[in-house]
Amino acid sequence: MNSMEKVYGSGWAAWWRKHSIALQIGTTISCNIAYLADTGHTRKAVTLSMILLGGTTLYCFFSRRRKINARDLIVITGCNSGLGYSLAMHCRAKGAMVLAGVREIPTVPNSNAVEILKNKGVIVHQVDIADEQSVRDFRHKVKELLEERQLVLRALVNNAGVMVFGEFEWQTQKLAEYQVNVNLLGTMRITRELMPILRENHSRIITISSHCANESLPGISIYGATKAALLAWTTSLRVEVRKYGVEVVSFIPVADTEKLTVSVKVTIMGVTISYPYPYPNACESLTNGKCPLSKGDSATYSALMPISKNYPSLRMIIEFSLNDENNNSQVCFKIDGQVTDP
């Protein structure tokens, strides 16, 4: 396994290579300041000192973060779609080597995002973070890449997660355990497996959280509970691993919603089916507010449900979900209804 020192050299050597030019410039200016002060040009010496101080401040500010390069390995879970897929594509475009963890790799070629990731040079590997053996196999893959390609593990991005819509009472114990095992215990599991490598490489742990960690919503109470638990765990972990040079970040993604599409499901006599809603563009049905929507914006959605005379007179539950451009649900609600004679 490669440590950062093995790839980039010892700490002092790497530091010198990064800052040698700035040190030479600073030494030259310092000598000039000493010369001016010694020859009586005090005002010029003070002016040059202020310039040196300002330049040093700006240099430290802009060079405090090491840029991503081809020797960096970034591990991201949950890359089948959404944010994980976008992060993998972005990091690869920046030049890093990316190991994208996906829960399932479909057997049909050219049918999903996995093929696109592979075509862009992203290494895709199957991992189920709720399964111990799968996580161990994934750790072996990480070690293999680090050793064979002389890489440094720059970051682990814990993005994998699941959400089940439904009020708490409606969700079975199996559904509750499923969300806890993936969102909370699964994230802990893969982080624990990779922790020795993370410590050795002074890596960064990035956990994708949610606004539901602070402000949970009805219908996703269990999901919100897992995200709140993740936030508490991340906060404690940040302090625990700081002494190893490992940084821990809890990231809550917030972005403008450019468009909203409507998906509708209808449950009749215990059977749930997708309903071909004739008004899929939710932005056109906003009576208060308009797209794009930002966090904190207020908007009112007007739902219109066409009823055909051929529909039977049965009770039903109609579930509306307004999804953003990444097919992530932003708002969902259910309506109890019954078709009656006109």
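The model on your screen is predicted, so local features are described only at pLDDT of at least 70 and side-chain atom pairs only at pLDDT 80 or more, while totals for chains, interfaces and linings use all residues. Residue numbers start from 1 along each chain as its sequence is written, and side-chain values rest on heavy atoms, with hydrogens and water left out.

**Stop 1: strand β12**

Aspartate 336 sits in strand β12. Show the surroundings of aspartate 336 and, leaving aside neighbours within four places in sequence, you will find it in contact with Arg315, Met316 and Ile317. Contact means heavy atoms within 4.5 Å.

Cysteine 332 is partly exposed, at 26% relative accessible area. Which residues does cysteine 332 contact, leaving aside neighbours within four places in sequence? They are Phe165, Phe320 and Ser321. Serine 321 is 11 residues away from cysteine 332 in sequence, and their C-alpha atoms are 4.3 Å apart in space.

**Stop 2**

Next, pick isoleucine 273 in strand β8. Isoleucine 273 counts as partly exposed, with 46% relative accessibility. Its contacts, neighbours within four places in sequence aside, are Val264, Lys265 and Val266. From isoleucine 273 to isoleucine 318 the C-alpha distance is 9.9 Å, and the two are 45 residues apart in sequence.

Now move to methionine 269, in the loop between β7 (261-268) and β8 (271-275). Methionine 269 counts as exposed, at 73% relative accessibility. Its backbone deserves a look: phi is near 55°, a positive value in a residue other than glycine. Most residues other than glycine have a negative phi.

**Stop 3: helices α7 and α8**

Select helix α7 (residues 173-200) together with helix α8 (residues 221-240); their axes are 8 Å apart and the helices pack at an angle of about 20°. That angle makes α7 roughly parallel to α8. Axes are lines fitted to C-alpha atoms, for helices over the stretch in contact, and angles between N-to-C directions run from 0 to 180 degrees. Angles under 35 degrees count as roughly parallel, those over 145 as roughly antiparallel, those from 65 to 115 as roughly perpendicular, and the rest as oblique.

Show side chains where the two helices meet: α7 contributes residues including Ala176, Leu184 and Met195, and α8 contributes residues including Ile222, Tyr223 and Trp233. What kinds of residue make up the contact of α7 with α8? There are 11 nonpolar, 5 polar and no charged residues. In this count Ala, Val, Leu, Ile, Met, Phe, Trp, Tyr, Cys and Pro are nonpolar, Asp, Glu, Lys and Arg are charged, and the others, Gly among them, are polar.

Zoom in on threonine 191, a residue of helix α7. Buried or exposed? Threonine 191 is buried, with a relative accessible area of 1%. Not counting residues up to four places away in sequence, threonine 191 touches Leu156, Asn158, Leu198, Ile205, Trp233 and Leu237.

**Stop 4: α6 against α7**

The contact of α6 with α7 divides into 7 nonpolar, no polar and 6 charged residues.

**Stop 5**

Follow the chain to histidine 202, in the loop between α7 and β5 (204-208). Histidine 202 is partly exposed, with 35% relative accessibility. Its phi is near 50°, again a positive value in a residue other than glycine.

**Last stop: the whole chain**

Zoom out to see 8 helices and 12 strands. Of the 342 residues in the chain, 35% count as buried. Among contacts between residues at least 6 apart in sequence, 62% join residues at least 24 apart.

How values were computed:
Buried means under 20% relative accessible area, exposed over 50%, partly exposed in between (1.4 Å probe, protein chains only). Helices (H or I, at least four residues) and strands (E, at least two) are DSSP runs, numbered from the N terminus.
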